[in-house]
Amino acid sequence: MANRKNLMYIVFFLYLGALFYVTLLAWNYGASLGSAAPGGRNYNLIPFRSIYRIAVFSPDIMDPIRILLGNIVMFVPFGFFLYALFSKLRSIGLVALLGFCTSSMIEVSQFLFTHRVANIDDLILNTAGALIGAVIAWTIIKARKRIIVYSSSQKSSL
């Protein structure tokens, strides 16, 4: 049991490294204009504006799936691992709040330090992903408590 939890911690910290690399260091393939953007930075503070634009104006269905679903899926492990690993965080609302705060930090960092788009819609989608991850972890933990496993390796005292 302890080995499984240690492995989960390792995977969680590797995930965090990958998350911060992808969101802050790797070049994105989205709507960022880089240094050609006004002032070298680009942002969106109007909720659902970019979600609407991506859904309506994309040339095919793959762009909305990759961009919108990708932002959700990217934060599912965040919510899952926080809820599963840290018993003091066993509140779906608290995990969603931490997802919101982490995503906010990423978006502000993208605006201040990179030539990427800081987007309120990413914040919404990332928070939804953290919420989904926490619900998945909650469901698994509740289901495991209800499952009774009998071991045949116990010796009988006949």
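**Entry 1: a term to settle before starting.** A crossing of two helices is left-handed if the near helix is turned anticlockwise from the far one by less than a right angle. I looked up helix 1 and helix 3 with that in mind, and their crossing is left-handed. I am working on a predicted model.

**Entry 2: confidence.** The mean pLDDT is 87. I also noted that 84% of the residues reach 70 or more. Which element has the lowest confidence, and which the highest? Strand 1, residues 42–44, is lowest with a mean of 86. Helix 4, residues 92–113, is highest at 96. I keep one caution in mind: where pLDDT is low, the predicted coordinates should not be read in detail.

**Entry 3: helix 1 against helix 3.** I went back to this pair for the geometry. Helix 1 spans residues 2–25 and helix 3 spans residues 62–85. They pack at an angle of about 150°. Their axes are 10 Å apart. I then listed who makes the contact. Helix 1 brings residues including M8, F12, L16 and L19. Helix 3 brings, among them, M74, F78, F81 and L85. By class, I find 17 nonpolar residues, 1 polar and 1 charged in this contact.

**Entry 4: helix 4 against helix 5.** Next I took the pair further along the chain. Helix 5 covers residues 120–146. The axes of helix 4 and helix 5 come within 8 Å and cross at roughly 145°. Is this crossing left-handed or right-handed? It is right-handed. On the helix 4 side the contact includes G99, S103, S104 and E107. On the helix 5 side I noted D122, N126, T127 and W138, among them. The classes here are 10 nonpolar, 5 polar and 2 charged residues.

**Entry 5: the record.** I looked up the UniProt annotation. An unreviewed entry marks "transmembrane region" over residues 7–27, 65–85, 92–111 and 123–141. I compared two of these stretches with the model. Residues 65–85 are 100% helix and 0% strand, with end C-alpha atoms 30 Å apart. Residues 123–141 are also 100% helix and 0% strand. Their end C-alpha atoms are 27 Å apart.

**Entry 6: I72.** This residue sits in helix 3. What does I72 touch, leaving out residues up to four places away in sequence? I found L125, G129 and I132. I also checked I72 against D122. The two are 50 residues apart in sequence, yet 8.4 Å apart in space, C-alpha to C-alpha.

**Entry 7: two loop residues.** F48 lies in the loop between strand 1 and helix 2. I noted its positive phi of about 70°, although F48 is not a glycine. S58 lies in the loop between helix 2, residues 49–57, and helix 3. Its side chain reaches the backbone oxygen of I54 at 2.4 Å. Not counting residues up to four places away in sequence, S58 touches R53, D63 and P64.

Notes
Residues are numbered from 1 along each chain as its sequence is written. This is a predicted model: local features need pLDDT of at least 70, side-chain atom pairs count only at pLDDT 80 or more; totals for chains, interfaces and linings use all residues. Side-chain values use heavy atoms; hydrogens and water are left out. Axes are lines fitted to C-alpha atoms, for helices over the stretch in contact, and angles run from 0 to 180 degrees between N-to-C directions. Helices (H or I, at least four residues) and strands (E, at least two) are DSSP runs, numbered from the N terminus. Contact means heavy atoms within 4.5 Å. Ala, Val, Leu, Ile, Met, Phe, Trp, Tyr, Cys and Pro count as nonpolar, Asp, Glu, Lys and Arg as charged, and the others, Gly among them, as polar. A polar contact is a pair of N or O atoms within 3.5 Å; within protein, one must be able to donate a hydrogen and the other to accept it, and residues adjacent in sequence count only if both atoms are side-chain atoms. pLDDT is the predictor's confidence in each residue, from 0 to 100. UniProt positions are given in the numbering used here, feature names are shortened, and annotations may be inferred rather than shown by experiment.
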